[in-house]
Amino acid sequence: MEPVEINAGRYYLRALRADRLIDDRPALVAGLADPECARWLTHVSVSTLAEAGAYVAKRARSWAEETRFSWAVAEPTTGAFLGEVLLKDLDLDSGLAEAGCWAVPEARGRGMTTEALGAVLRFGFGALDLKEVGYKHSPGNTASRRVAEKLGFTPVAETAEVSELVLRNPRAG
(Lines give C-alpha, C1' and ligand atoms only; values in the text may rest on other atoms or scores of the structure.)
Protein backbone atom coordinates (compact mmCIF):
# COMPACT_ATOMS: atom_id res chain seq x y z
CA MET A 1 0.00 0.00 0.00
CA GLU A 2 1.17 3.52 -0.72
CA PRO A 3 1.35 5.90 2.27
CA VAL A 4 -1.91 7.67 3.01
CA GLU A 5 -1.97 11.35 3.95
CA ILE A 6 -4.45 12.49 6.61
CA ASN A 7 -5.72 15.94 7.52
CA ALA A 8 -5.83 15.71 11.31
CA GLY A 9 -7.31 19.13 12.00
CA ARG A 10 -4.49 21.34 13.25
CA TYR A 11 -1.89 18.88 11.92
CA TYR A 12 -1.07 17.15 8.69
CA LEU A 13 -0.10 13.48 8.71
CA ARG A 14 2.22 12.35 5.94
CA ALA A 15 4.95 9.82 5.24
CA LEU A 16 8.32 10.45 6.83
CA ARG A 17 10.58 12.03 4.25
CA ALA A 18 14.23 12.61 3.43
CA ASP A 19 14.24 14.33 0.05
CA ARG A 20 15.15 17.70 -1.43
CA LEU A 21 11.85 19.30 -0.39
CA ILE A 22 11.34 17.89 3.10
CA ASP A 23 14.02 16.29 5.23
CA ASP A 24 12.81 14.84 8.53
CA ARG A 25 16.21 13.36 9.38
CA PRO A 26 17.56 16.25 11.52
CA ALA A 27 14.30 16.41 13.52
CA LEU A 28 14.37 12.62 14.01
CA VAL A 29 17.93 12.74 15.34
CA ALA A 30 17.20 15.67 17.65
CA GLY A 31 13.82 14.39 18.82
CA LEU A 32 14.97 10.86 19.56
CA ALA A 33 18.05 12.20 21.40
CA ASP A 34 15.78 14.08 23.81
CA PRO A 35 16.06 12.55 27.32
CA GLU A 36 12.31 11.79 27.55
CA CYS A 37 12.28 10.01 24.18
CA ALA A 38 15.49 8.16 25.01
CA ARG A 39 13.97 7.09 28.33
CA TRP A 40 10.83 5.56 26.84
CA LEU A 41 11.92 4.55 23.33
CA THR A 42 14.86 2.37 24.29
CA HIS A 43 14.31 0.12 21.26
CA VAL A 44 14.94 2.98 18.80
CA SER A 45 18.49 4.05 17.94
CA VAL A 46 18.73 7.05 15.64
CA SER A 47 21.70 9.24 16.47
CA THR A 48 23.07 10.17 13.02
CA LEU A 49 21.61 11.44 9.76
CA ALA A 50 22.51 8.10 8.16
CA GLU A 51 20.57 6.19 10.83
CA ALA A 52 17.68 8.61 10.40
CA GLY A 53 17.75 7.98 6.65
CA ALA A 54 17.60 4.24 7.29
CA TYR A 55 14.69 4.82 9.71
CA VAL A 56 12.76 6.76 7.02
CA ALA A 57 13.50 4.05 4.42
CA LYS A 58 12.39 1.32 6.82
CA ARG A 59 9.10 3.13 7.43
CA ALA A 60 8.53 3.33 3.65
CA ARG A 61 9.18 -0.43 3.28
CA SER A 62 6.74 -1.15 6.10
CA TRP A 63 3.98 0.66 4.19
CA ALA A 64 4.71 -1.44 1.10
CA GLU A 65 4.74 -4.64 3.19
CA GLU A 66 1.59 -3.55 5.08
CA THR A 67 3.19 -4.37 8.43
CA ARG A 68 3.40 -0.85 9.89
CA PHE A 69 1.77 2.38 8.83
CA SER A 70 3.70 5.35 10.19
CA TRP A 71 2.95 9.04 9.81
CA ALA A 72 5.01 12.12 10.47
CA VAL A 73 2.89 14.62 12.36
CA ALA A 74 3.63 17.83 10.51
CA GLU A 75 2.85 21.50 10.95
CA PRO A 76 0.46 22.08 8.00
CA THR A 77 1.96 25.26 6.56
CA THR A 78 5.68 24.44 6.82
CA GLY A 79 5.68 20.64 6.88
CA ALA A 80 7.94 20.72 9.95
CA PHE A 81 8.21 17.35 11.72
CA LEU A 82 6.56 17.39 15.17
CA GLY A 83 6.32 13.69 15.99
CA GLU A 84 5.29 10.29 14.76
CA VAL A 85 2.07 8.29 15.09
CA LEU A 86 1.70 4.75 13.87
CA LEU A 87 -0.13 1.49 13.60
CA LYS A 88 2.31 -1.39 13.97
CA ASP A 89 2.12 -5.17 14.11
CA LEU A 90 -0.63 -4.85 11.53
CA ASP A 91 -2.68 -7.92 10.78
CA LEU A 92 -5.18 -6.65 8.25
CA ASP A 93 -6.75 -10.10 7.78
CA SER A 94 -7.58 -10.35 11.49
CA GLY A 95 -8.25 -6.63 11.92
CA LEU A 96 -5.62 -6.11 14.61
CA ALA A 97 -2.88 -3.54 15.20
CA GLU A 98 -0.98 -1.75 17.92
CA ALA A 99 -0.84 2.05 18.10
CA GLY A 100 2.22 4.09 18.99
CA CYS A 101 3.30 7.71 19.15
CA TRP A 102 6.00 10.15 20.21
CA ALA A 103 6.59 13.89 19.93
CA VAL A 104 9.54 16.23 19.74
CA PRO A 105 9.94 18.29 22.94
CA GLU A 106 8.60 21.56 21.52
CA ALA A 107 5.36 19.85 20.38
CA ARG A 108 4.48 18.27 23.72
CA GLY A 109 1.76 19.37 26.09
CA ARG A 110 -0.70 20.80 23.60
CA GLY A 111 -2.73 17.77 22.57
CA MET A 112 -0.94 17.22 19.28
CA THR A 113 -0.24 13.52 19.81
CA THR A 114 -3.79 12.80 20.97
CA GLU A 115 -5.29 14.65 17.99
CA ALA A 116 -2.98 12.98 15.47
CA LEU A 117 -3.31 9.47 16.89
CA GLY A 118 -7.09 9.95 17.05
CA ALA A 119 -7.10 10.63 13.29
CA VAL A 120 -5.00 7.50 12.71
CA LEU A 121 -7.42 5.41 14.79
CA ARG A 122 -10.39 6.72 12.79
CA PHE A 123 -8.51 5.76 9.61
CA GLY A 124 -7.72 2.34 11.03
CA PHE A 125 -11.28 1.61 12.09
CA GLY A 126 -12.90 3.20 9.03
CA ALA A 127 -10.63 2.60 6.03
CA LEU A 128 -8.78 -0.49 7.24
CA ASP A 129 -11.76 -2.01 9.08
CA LEU A 130 -9.61 -2.82 12.11
CA LYS A 131 -11.52 -4.52 14.90
CA GLU A 132 -9.11 -3.85 17.75
CA VAL A 133 -6.07 -1.68 18.40
CA GLY A 134 -3.74 -2.28 21.31
CA TYR A 135 -1.54 0.27 23.04
CA LYS A 136 1.42 -0.40 25.31
CA HIS A 137 3.46 1.93 27.48
CA SER A 138 5.75 1.81 30.46
CA PRO A 139 3.76 2.28 33.69
CA GLY A 140 5.80 5.36 34.58
CA ASN A 141 5.11 7.10 31.28
CA THR A 142 2.21 9.27 32.43
CA ALA A 143 2.10 11.32 29.21
CA SER A 144 1.59 8.16 27.16
CA ARG A 145 -1.06 6.94 29.59
CA ARG A 146 -2.94 10.27 29.26
CA VAL A 147 -2.95 9.98 25.46
CA ALA A 148 -4.40 6.47 25.68
CA GLU A 149 -7.05 7.47 28.22
CA LYS A 150 -8.14 10.53 26.19
CA LEU A 151 -8.59 8.30 23.14
CA GLY A 152 -10.74 5.80 25.05
CA PHE A 153 -8.32 2.90 25.45
CA THR A 154 -9.14 0.67 28.39
CA PRO A 155 -6.61 -1.20 30.53
CA VAL A 156 -6.17 -4.93 29.89
CA ALA A 157 -3.08 -5.85 31.92
CA GLU A 158 -0.27 -4.19 33.84
CA THR A 159 3.09 -5.44 35.03
CA ALA A 160 6.09 -3.58 36.39
CA GLU A 161 7.40 -3.35 32.80
CA VAL A 162 4.35 -2.62 30.66
CA SER A 163 0.77 -1.39 30.72
CA GLU A 164 -1.42 -2.91 28.01
CA LEU A 165 -4.58 -1.21 26.84
CA VAL A 166 -7.09 -1.85 24.06
CA LEU A 167 -9.55 0.10 21.93
CA ARG A 168 -12.23 -1.78 19.99
CA ASN A 169 -13.89 -0.57 16.83
CA PRO A 170 -17.32 0.71 17.90
CA ARG A 171 -18.77 -0.50 14.57
CA ALA A 172 -17.39 -4.05 14.87
CA GLY A 173 -19.84 -6.73 15.91
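1. Strand β8, which covers residues 163-168, is joined by six bridges to β6, and the two strands run antiparallel. Strands here are DSSP runs of E with at least two residues, and helices are runs of H or I with at least four, numbered from the N terminus; two strands are taken to pair if DSSP finds at least two bridges between them.

2. Strand β8 also pairs with β7, residues 154-158, through four bridges in an antiparallel arrangement, and Thr-154 has Val-166 in β8 as its bridge partner. With four residues between them, β7 and β8 make up a hairpin.

3. These strands belong to an open sheet of eight strands with mixed pairing, in the order β1-β2-β3-β4-β5-β6-β8-β7. Because β1 (6-7) and β7 stand at the edges and have a single partner strand each, one side of each is left without a neighbour in the sheet. Within the sheet, β5 and β6 run parallel and are joined by four bridges, with Glu-98 standing opposite Gly-134 in β6.

4. On how far the details can be read: because the model is predicted, local features need pLDDT of at least 70 and side-chain atom pairs count only at pLDDT 80 or more, whereas totals for chains, interfaces and linings use all residues. Residues are numbered from 1 along each chain as its sequence is written, and side-chain values use heavy atoms, with hydrogens and water left out.

5. Helix α1 (residues 25-33) has Leu-28, Val-29, Gly-31 and Leu-32 as its buried residues, where buried means under 20% relative accessible area, exposed over 50%, and partly exposed in between, computed with a 1.4 Å probe on protein chains only. The elements that cover these buried residues of α1 include α2, α3, β4 and β5, contact being heavy atoms within 4.5 Å.

6. In the loop between β2 (12-14) and α1 lies Arg-17, which counts as partly exposed because its relative accessibility is 25%. Leaving out residues up to four places away in sequence, Arg-17 touches Ile-22, Asp-23, Asp-24, Arg-25 and Val-56. Of these, Val-56 deserves a separate look: although Arg-17 and Val-56 are 39 residues apart along the chain, their C-alpha atoms are separated by 6.3 Å.

7. Is Thr-114 buried or exposed? Thr-114, which has its place in helix α4, counts as buried because its relative accessibility is 15%. Once neighbours within four places in sequence are set aside, the residues in contact with Thr-114 are Val-147, Lys-150 and Leu-151.

8. The largest pocket draws its lining from several elements, with at least two residues supplied by each of α2 (35-40), α3 (49-65), β4 (81-91), β5 (96-103), α4 (112-126), β6 (132-137) and α5 (142-150). Which element gives the most to the lining of the largest pocket? That element is β5, with six residues; as noted in point 3, β5 is also the strand that runs parallel to β6.
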